[in-house]
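Biologist: I'd like to learn how to read the inside of a protein model. Could you take me through one?

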Amino acid sequence: MKKIENYIAKNINEYNDLYSKSINHPENFWSEIASTFSWRNKWTKTLEYDFNKPEFKWFLNGKLNITENCLDRHLEENPNKTAILFEPNDPNKETQKISYKDLHQRVCVFANVLKSKNVEKGDRVCIYMPMVPELTIAVLACARIGAVHSVVFAGFSSTALAARIKDSECKILLTADGSFRGSKVIDLKSIVDEALLECDSIESTIVFKRTGSNVKMNNNETWWHNEIEDVSDYCEAEEMDSEDMLFILYTSGSTGKPKGMVHSCGGYMVYSTYTFLNVFQYQSNDIYWCTADIGWITGHSYIVYGPLLAGATSVMFEGVPSYPDYSRFWNIVEKHKITHFYTAPTAIRALAKHSVSLVESNDLSSLKVLGTVGEPINEEAWNWYDKNIGKSKCPIVDTWWQTETGGIMLTSLAGVTKDKPTFATKPMIGIQPVLLDKDGKEILGYDKEGILAIKYPWPSIARTIYGNHQRYKNVYFTAYPGYYFPGDGALTDSEGNFRITGRVDDVVIVSGHNLGTAPIEDAINLHENVVESAVVGYPHEIKGNALRAFVILLDEAVIVDMEKEIKEQISKTIGPIAKPDIIQIVPGLPKIRSGKIMRRILRKIASGEKENFGDISTLLNPEIVKQILIKA
């Protein structure tokens, strides 16, 4: 049996050869890659798909359990290798090193705890936890017994948590008393208590003691440490079909409620591993650190599954880059001799604002590969990252992908294909991107700009939106039939490198987080003194994009503390990450006669433009543009 290493590109010729095979004979190619994993029963057919339904099935009738590939298969050769290296929020606390053997045992113990709570194959489990090893253990314990995990970022509000629990009808909730975030202690338990007032499906809650805060324990709530006492560390892995659900992860929708993207076992396993090894060029003794939170897809694919499937050492960091000061990231790089560092452009821009002496006081010579994720990186930040962190010796992989794609789609491969500032560069092996014009026709040749689309399925494509397949079809497959439409525009240079030009819908990427503007407007409009609002994104030096809200009030006389009250309303309804940087009170909004708000005008105003708004004579109220500008 060939090993997956045989399919990792080591130079540009190998990339071209593998890419050609993956495009010309995709089913044979992915079948060979999948064959390097451990399966209970091999698949009978590699792929069935229909972009119109839409329906995607990979490795049909293949039987497996993803945790046997994450854990069990490493026990024979590398039982004592560090799987998770946990760096706590407090730099004075001891680092935890969890071996593959230890992680396997702890996952089995907690899998048995879940079984004792009557969690069965197919049941949904909500996980709302800080960045501690128990979060990874919870994720893998669910996968071990065939339960579907739904991780909710522990910065979301009780309203957002409740909405996600209710949408997927979770049976059990795993949480913590609180979390440490820099100098703050966040009270997670009270957020949970409020959320559960409206969640009928939750039968029991298990609480991990992290902060030692005084919390009230309600009926059907138990402590994690009590639950794992005297529990067997043997748990046979549940046999899963390749197309069985592995997890649900929610992402912001441009309209309505968040979308619960469904990922399945087989295809996600194959693609997350293959991209991890190719993009980062990971070697067996490397120390890999992705700074994301497991509450986002980056954490799922490139902290938990991808690295563990590849037998890597993956760093989990509980804290923030600014605590106790802005040298924290670089302290950790030196402390653990990090070789691979994967973070967001937002973090890079924030760190670049501070004295470079905070970087230079640390030894970063262990670094081999740098990466960025979450949004396109601007050239100034790219150059700072390259010069000061990589010392102009480390390739930078600028990765473009989404919750919906499951894994990296456009990127350079570290040291294999050329990187280029502001460009995601080449398609990942197996990915067929195209540019479309507004009529859905492919734009041929290089040096072009258009709408980005993907014209052939890949193994980790999301299978549906949980409970709403029609919405899945409408959002991703209706605008341009026969293609997956990610919602982004792109351009190519003369060498065929791709650059993402931004969203073409009403989702704004702020600090790497996809934020739908409609839910934020809904939250603002809940305020009793708000008539209507419109939220748009605008370029921001640190965050990439920031949000500006234009708000019409019922009574402008009651304007004291309106900004504070609106921000509190948003924090309560969605979470602090959705708060606009600017809230502007306006007498009206530019609308066409159908009532649709002309957001392009508001985007220009938010970006600082004073004129060149195009033809505004078709507006119902053209005079409003000047009035908004006066107040801007």
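Predicted model: local features only at pLDDT ≥ 70, side-chain atom pairs only at ≥ 80, totals over all residues.

Biologist: Which residues touch the most other members of the largest nonpolar core?

Modeller: General idea to begin with: in soluble globular proteins, nonpolar side chains tend to be buried together. A nonpolar core is a set of buried Ala, Val, Leu, Ile, Met, Phe, Trp, Tyr and Cys residues joined through side-chain atoms within 4.5 Å; buried means under 20% relative accessible area (1.4 Å probe, protein chains only). Here the largest core has 137 residues, and L103, F110, I127, L174, Y274, F280 and Y305 touch the most other members. Helix α9 (residues 265-280) gives the most to this core, 10 residues. Another core, of 26 residues, lies apart from it and includes V333 and Y385.

Biologist: What do the buried residues of α2 pack against?

Modeller: Helices (H or I, at least four residues) and strands (E, at least two) are DSSP runs, numbered from the N terminus. In helix α2 (residues 26-34), P26, F29, W30, S31, I33 and A34 are buried. They pack against α1 (12-24), β1 (45-50), β2 (55-60) and α9, where contact means heavy atoms within 4.5 Å.

Biologist: Is N69 buried or exposed?

Modeller: N69, in helix α3 (residues 66-70), is buried, with a relative accessible area of 0%. Its side chain reaches the backbone nitrogen of S38 at 2.8 Å. Not counting residues up to four places away in sequence, N69 touches F37, S38, H74, M269, L308 and L309.

Biologist: And how many cavities of 30 Å³ or more are there?

Modeller: Rolling a probe the size of a water molecule over the atoms shows where empty space is left. On a 1 Å grid over the protein atoms alone, a cavity is a set of points where a 1.4 Å probe fits but cannot get out, and lining residues have an atom within 4 Å of a point. Points are joined across faces, edges and corners, and a volume is the space filled by probe spheres set on them. This structure holds three such cavities of 30 Å³ or more. The largest has about 50 Å³ of space, and its lining includes F153, R164 and Y250.

Note on methods
Residues numbered from 1 in each chain as written. Heavy atoms only, no water. 1 Å grid on protein atoms, 1.4 Å probe; cavity = no way out; pocket = protein on both sides within 12 Å on 5 of 7 lines; lining within 4 Å. Buried < 20%, exposed > 50% of the residue type's maximum accessible area, 1.4 Å probe, protein only. Polar contact = N/O pair within 3.5 Å; in protein donor to acceptor, adjacent residues only side chain to side chain.
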